[in-house]
Amino acid sequence: MSATETTTLPDSPEDKGGPGQALLIVKDLRKYFPVRGGIFGRAQAMVQAVDGVSFSVEKGEALGIVGESGCGKSTTARLLIGLTEKDEGEIIFDGQGLGDALSLRDLRRGVQMVFQDSYASLNPRLTIEESIAFGARVQGLDDPVGRAHSLMSRVGLDPARFASRYPHEVSGGQRQRINIARALAMSPRLVILDEAVSALDKSVEAQVLNLLADLREEFGLTYIFISHDLNVVRYISDRILVMYLGEVVEVGPVDAIWSRQAHPYTRSLFSAMPSMDPDNRTKTPPLSGDPPNPIDPPKGCRFHTRCRFADSVCKTKAPRLMELPQTPGHLAACHLHDPASGHPKAGQEGLA
Ligand code: SF4
């Protein structure tokens, strides 16, 4: 189906933001989790899970979010859907701010999430039909059962065979199809896929990825696709956002980042990616060691303890996320790209 033949899911919420308005705008999002201890369970320290994250997602776009475990990508996803309460920052969905004109109920209708663990995501006591119809019924949408059957067919599960089965009676790939159908049953505008294909076998993963790509095209969906697998992110995404220790370090069009990683951390992630093509192998050594403790992240650039280009300025001054002059829309937070940073190698081509 071509982009001009895009349909919408039944009862899709109307576009309130208007033309040209990004579907999602996140401004300076922050979430710290207390680490409690002692006999009174008082907060002893704070884990800085998400610290000043800003980005936007256009209508119909797929944004891939990558980074090591613990970088804050899943916490960001949970903040976006209201499963975790933000400490600071703004979430503007379809032109309306959360807690302002936008209620949590409306946000949860417009944004749906598919998790990695397909089994834990489903209620084992509900049949597949009941699971898919449940949310639509709670939201008072028309014909939840008819909607469930239609979506089951669309994701490749014959309702006559699967409607009355329970989650433990189907395979992992089929369960993830059920979770996708369940998310779509709410007629969302944005679907967050948090490691949604990571637990699947490679052949099943490819089928589910193709299904997601088809659904996006057919229904004009917008995706946030979180994964540690760069190849999978490349397949599904228009842009990539890279997180490190709760911060955004690089964001840009997928082709721009694929051809030139501007941040040393992104370069290291790519160098760790297996490739059969000798021309595709980078000479950058893969990252060594674990990320620093998020309770007490390094001052200045948080990556300086693992960066081979780190200079004294990196230990005291946090880099700004700046657009690279050569590629519009490609931003990186590294002193090497800021001529005014004071880094002795700033502006030298080919370093990072
Ligand atoms: Fe490395 Fe300094 Fe750039 Fe941070 S700011 S990534 S430490 S060169």
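Let's start with salt bridges: across the interface of domain 1 and domain 2, the rule finds 2 of them, where a salt bridge is a side-chain nitrogen of Lys or Arg within 4 Å of a carboxyl oxygen of Asp or Glu. D51 forms a salt bridge with R302, and their closest N and O atoms are 2.5 Å apart.

Before going on, a word on what you are looking at. This is a predicted model, in which local features need pLDDT of at least 70 and side-chain atom pairs count only at pLDDT 80 or more, while totals for chains, interfaces and linings use all residues. Residues are numbered from 1 along each chain as its sequence is written, and side-chain values use heavy atoms, with hydrogens and water left out.

Now, the two domains. Domain 1 covers 24-36 + 44-237 and domain 2 covers 244-275 + 285-337; these bounds come from an automatic or database domain assignment. Their contact takes 18 residues from domain 1 and 19 residues from domain 2, with contact meaning heavy atoms within 4.5 Å. The C-alpha centres of the two domains lie 27 Å apart.

How much area is buried between domain 1 and domain 2? About 1,600 Å², and carbon and sulfur atoms give 59% of that. Buried area here is the accessible area (1.4 Å probe) that two parts lose on being put together, summed over both. On the domain 1 side, E68, L230 and R234 supply 37% of the area buried against domain 2, more than any other three residues.

Let's turn to strand 3, residues 62-66. Strands are DSSP runs of E with at least two residues, numbered from the N terminus. Is strand 3 enclosed or open? 5 of its 5 residues are buried, so strand 3 is largely enclosed by the rest of the structure; buried means under 20% relative accessible area, with a 1.4 Å probe and protein chains only. A62, G64 and V66 point one way, while L63 and I65 point the other. In a regular strand the side chains alternate between the two faces of the sheet.

Strand 3 runs parallel to strand 8 (residues 222-226), joined by 4 bridges, and two strands pair if DSSP finds at least two bridges between them. There, I65 stands opposite I226. Another 4 bridges join strand 3 to strand 9 (residues 239-244), also in parallel, and V66 has V242 as its bridge partner.

Finally, an antiparallel pair: strand 1 (residues 24-37) and strand 4 (residues 88-93) share 5 bridges, with V26 opposite I91.

Terms used. Buried < 20%, exposed > 50% of the residue type's maximum accessible area, 1.4 Å probe, protein only.
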